[in-house]
Amino acid sequence: MAHLDSEVTEECLREDLKFYFMNPCEKFRARQQIPWKMGLQILKIVMVTTQLVRFGLSNQLVVAFKEENTVAFKHLFLKGYSGVDEDEYSCSVYTQEDTYESIFFAISQFHQLRNLSLGTLGYGENEDNRIGLKVCKQHYKKGTMFPSNETLNIDSDIEIDCIHLDLQTLSKNPQDWKNSSFFRLAFYRLLQVEISFHLKGIDLQTIHSRELPDCYIFQNTIIFDNKAHSGKIKIYFDSDANIEECKDLNISGSIQKNTQYVLVFDAFVIVICLASLILCTRSIVLGLRLRKRFLNFFLEKYKRCVCNADQWEFINRWYILVIISDLMSIIGSILKMEIKAKNLTNYDLCSILLGTSTLFVWVGVIRYLGYFQAYNVLILTMQASLPKVLRFCACAGMIYLGYTFCGWIVLGPYHDKFENLNTVAECLFSLVNGDDMYATFAHIQQKSLLVWLFSRLYLYSFISLFIYMILSLFIAIITDSYDTIKKYQQNGFPVTDLQEFLKECGSKEKCQKESSAFLSCICCLRRNGSDDHLMLIN
């Protein structure tokens with residue numbers, strides 16, 4: 001009796017394992033189980049992509065409104081702005097007179113904003129709850145300097161003086177505040193002058209897209225940078241736009257109905273993702289329980305543990321990817337609904353969540369392509385080569401970092417692409433991909449012959465090493481994995497303990513019966529029996 005019970009237990013476990021590793025079409029033919037998860041994933045792809053496209057079009061309006069306002073502000077407040085930034089700063093001045101004129105020009109333009117601006121702009125309150133301009137200057141505490149005598153006596157402590165110019169002060173005679181002692185600048189001690197002010201605006205272009213408008217607060221800062229004391233003052237303009245909830249919106253028409261329809265659609269996406277999350281979590285829990293049964297049975301019968309590769313077969317990594325995608329879609333959809341109702345304004349976080357979730361959803365489509373043998377080869381090659389590629393990249397990364405630090409410290413003063421570590425890394429990555437090579441060689445300044453010769457040795461050695469050697473080895477690793485998979489397809493894959501257990505049957509008749517049911521087709525298309533061991537797919 002005990003022996004019979006053991007055989008029954010073994011057969012039940014084998015049947016459950018075979019059914020667990022069937023694809024949806026095989027499960028439907030075996031037990032008439034409808035592939036709910038597959039159908040739900042297809043529906044989710046359509047729903048999530050549609051949601052992302054609609055949100056992307058709305059987000060484009062937000063980004064365009066911010067960028068266009070920033071350009072408009074530069075033309076309004078920067079004297080002599082040409083429309084094109086000079087490197088990382090907006091423009092520059094070279095004389096004391098031009099500096100004074102630029103400062104007074106920005107202040108005067110702020111005062112006359114309502115008569116000048118074409119946008120829907122108004123004055124906003126700053127951090128002190130005051131309306132107007134805040135002008136601050138940084139300078140060394142005291143000192144004297146006589147360059148002709150090579151004499152310098154200066155206190156390196158920095159002082160910050162600020163003045164607030166409200167609208168009433170600006171409405172008076174301009175000469176009153178222009179002639180104040182605050183604006184008498186000692187340029188040999190001056191480090192920078194900062195003008196900051198807040199403006200409010202309303203984005204009306206969203207009405208054309210049948211959406212409620214957004215209210216913005218623009219925190220604008222103009223910085224006159226004289227820290228280098230090189231005779232050139234760089235002028236930086238920065239505008240930080242924050243979206244805030246409009247206090248009173250009274251808009252008639254069909255916009256309210258359109259908003260309700262979008263909210264209902266987003267709620268339906270949340271329901272779909274929640275159902276997918278529940279089904280995939282249930283499948284993972286069932287897989288873990290089945291793994292526990294198999295491990296206990298294998299330990300009792302064969303007195304040894306199952307290898308790690310077989311244990312990982314019970315954890316479907318695609319389901320984990322789907323669960324992460326569903327969680328991000330649910331959170332992103334909730335944020336989108338709040339943004340649509342104008343209760344929240346965090347477009348960036350919502351974009352990251354919805355964009356990443358849609359990426360994972362489309363990557364998950366590869367799972368269903370894996371049911372076809374031709375695509376399965378691609379997936380297996382990627383899986384086999386990934387660990388080797390990561391180890392190879394870790395080694396190549398050390399060389400890459402070495403070149404990055406070396407290029408930054410040596411070529412930084414002579415080449416704009418090597419000024420900081422971030423731009424050096426980007427420049428070298430472009431060179432690896434064969435982009436912008438001649439410009440990188442040509443832009444090196446030839447003021448120092450030694451540095452120029454070093455730059456040639458540096459660039460030639462980097463390009464030769466990474467393009468001709470490292471990239472070739474990188475491709476060779478992937479090619480080797482592909483050749484290995486092709487040989488396995490022809491000669492058979494190594495059989496694991498799990499696959500060996502699934503092939504065992506109580507009798508030949510039963511084995512043939514079960515083989516015809518279990519070893520059927522991939523995605524409803526019949527394949528050769530020799531290909532059944534290619535991949536265990538749930």
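First, my burial scale: buried means under 20% relative accessible area, exposed means over 50%, and partly exposed is in between, with a 1.4 Å probe and protein chains only. I'm working on a predicted model, where local features need pLDDT of at least 70 and side-chain atom pairs count only at pLDDT 80 or more, while totals for chains, interfaces and linings use all residues. Residues are numbered from 1 along each chain as its sequence is written, and side-chain values use heavy atoms, with hydrogens and water left out.

**Entry 1: Leu 386 and helix α13**

I started with Leu 386, which counts as partly exposed because its relative accessibility is 47%. Leu 386 sits in helix α13; helices here are DSSP runs of H or I with at least four residues, strands are runs of E with at least two, and both are numbered from the N terminus.

Which residue does Asp 480 meet in a salt bridge? Its partner is Lys 388, at 3.9 Å from N to O. My cut-off for a salt bridge is a side-chain nitrogen of Lys or Arg within 4 Å of a carboxyl oxygen of Asp or Glu. Asp 480 belongs to helix α16 (residues 449–491) and Lys 388 to helix α13, so the bridge ties together parts 92 residues apart in sequence. Both ends are partly exposed: Asp 480 has a relative accessible area of 41%, and Lys 388 has 36%.

**Entry 2: the other bridges I checked**

By this rule I get a count of four salt bridges. One of them joins the side chains of Lys 44 and Asp 326, at 2.5 Å from N to O. Lys 44 is in helix α3 (residues 36–77) and Asp 326 in helix α10 (residues 317–340), so I noted a link between distant parts of the chain, 282 residues apart. Lys 44 and Asp 326 are both buried.

Another bridge pairs Lys 336 with Asp 266, whose closest N and O atoms are 3.0 Å apart. Lys 336 lies in helix α10 and Asp 266 in helix α8 (residues 255–302), so this pair ties together parts 70 residues apart in sequence. Buried or exposed? Lys 336 is buried, at 6% relative accessible area, and Asp 266 is buried too, at 0%.

**Entry 3: the nonpolar patch**

I found a nonpolar surface patch of about 670 Å², made by Met 398, Ile 399, Leu 401, Phe 405, Trp 408, Ile 409 and Leu 421. For patches I take residues with over 30% relative accessible area and no salt bridge, joining like charges within 9 Å and nonpolar side chains (Val, Leu, Ile, Met, Phe, Trp, Tyr) within 5 Å. The areas come from the Shrake-Rupley method with a 1.4 Å probe, and for residues only the protein chains shown count as cover.

Helix α13 (residues 373–411) gives the most to this patch, with six residues. Leu 401 is found in that helix and is partly exposed, with a relative accessible area of 42%.

**Entry 4: what the record says**

I checked two of the spans in the model. Residues 318–337 are 100% helix and 0% strand, with end C-alpha atoms 28 Å apart. Residues 389–411 are also 100% helix and 0% strand, with the end C-alpha atoms 31 Å apart.

His 229 has a phi near 50 degrees, which is positive in a residue other than glycine. Most residues other than glycine have a negative phi. His 229 is in the loop between β8 (214–225) and β9 (233–244), and at 32% relative accessibility it counts as partly exposed.

In strand β9 I also looked at Asp 238, which is partly exposed at 48% relative accessible area. The C-alpha atoms of Asp 238 and Thr 70 are separated by 8.0 Å, with the two residues 168 apart along the chain.
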